Amino acid sequence: MSEVQETPLVGIIMGSQSDMAAMEPCMEQLKAFGVPYEVKVASAHRKPEVVHAWASGAHERGMKVIVAAAGKAAHLGGVVAAFTPLPVIAVPMKTSDLGGLDSLLSMVQMPSGVPVATVAINGAKNAAILSVQMMGTGDASMQQKIIDFKRAMAEA
């Protein structure tokens, strides 16, 4: 018997395998919401062709939102946003050099016409929540997940 695979609705891309641990809260929150996701590791600077191919085909593969995590120059979110019609949420990674402030400032200074939503440094969990909120604007079941989540937070 074969297992049915759900189409990923959220694409998670990070610039380095070293970002994986910081992005675990994003994946855990999406699992808790029951939202299928896909993970890709590709640097905007070291593997630009891979990033281009992945990002430009994401909407055709059924994704609704992309979460892009990067540190230092942190160009990944902006590069991804240039190649997709999907909303992109950037997660600045905490770095040893400037504590992630360099990443954060890079991500929020996008040029006009290429918007990227940005969460806090290492704000992976919030990126997952924001992803589901974005999908909830056109999907009542996604919106209900957020309603239930916020209700549970208030009751805790």
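Me: Buried means under 20% relative accessible area, exposed means over 50%, and partly exposed is in between (1.4 Å probe, protein chains only). We're looking at a predicted model, where local features need pLDDT of at least 70, side-chain atom pairs count only at pLDDT 80 or more, and totals for chains, interfaces and linings use all residues. Residues are numbered from 1 along each chain as its sequence is written, and side-chain values use heavy atoms, with hydrogens and water left out. Is Arg61 buried, exposed or partly exposed?

Reply: Look at its relative accessible area, which is 33%. Buried would need under 20% and exposed over 50%. Arg61 is therefore partly exposed.

Me: How many salt bridges does the structure hold?

Reply: Side chains of opposite charge can pair when their charged atoms come close. Here the rule is a side-chain nitrogen of Lys or Arg within 4 Å of a carboxyl oxygen of Asp or Glu. Going by that, the number of salt bridges is three.

Me: How many residues apart in sequence are Glu38 and Arg61?

Reply: Their side chains meet in a salt bridge, at 3.5 Å from N to O. Glu38 lies in strand β2 (residues 37-41) and Arg61 in the loop between α2 (48-57) and β3 (65-70), so the pair ties together separate parts of the chain. For the labels, helices (H or I, at least four residues) and strands (E, at least two) are DSSP runs, numbered from the N terminus. The gap in sequence is 23 residues.

Me: And how many residues apart are Lys72 and Asp97?

Reply: These side chains also form a salt bridge, 2.2 Å from N to O. Lys72 sits in the loop between β3 and α3 (76-82), while Asp97 sits in the loop between β4 (88-92) and α4 (101-108). Counted along the sequence, the parts they tie together are 25 residues apart.

Me: Which helix holds Arg151 and Asp148?

Reply: Their salt bridge spans 3.4 Å from N to O. They're three residues apart, so about one helical turn separates them. Both lie in helix α6.

Me: How are the planes of Phe33 and Phe149 arranged, edge-to-face or otherwise?

Reply: Rings of Phe, Tyr and Trp (its six-membered ring) pair if their centres lie within 6.5 Å; planes under 30 degrees apart are stacked, over 60 edge-to-face, and the rest tilted. This pair is 5.4 Å centre to centre, with 70 degrees between the planes. Phe33 is buried at 7%, and Phe149 is buried at 17%. The arrangement is edge-to-face.
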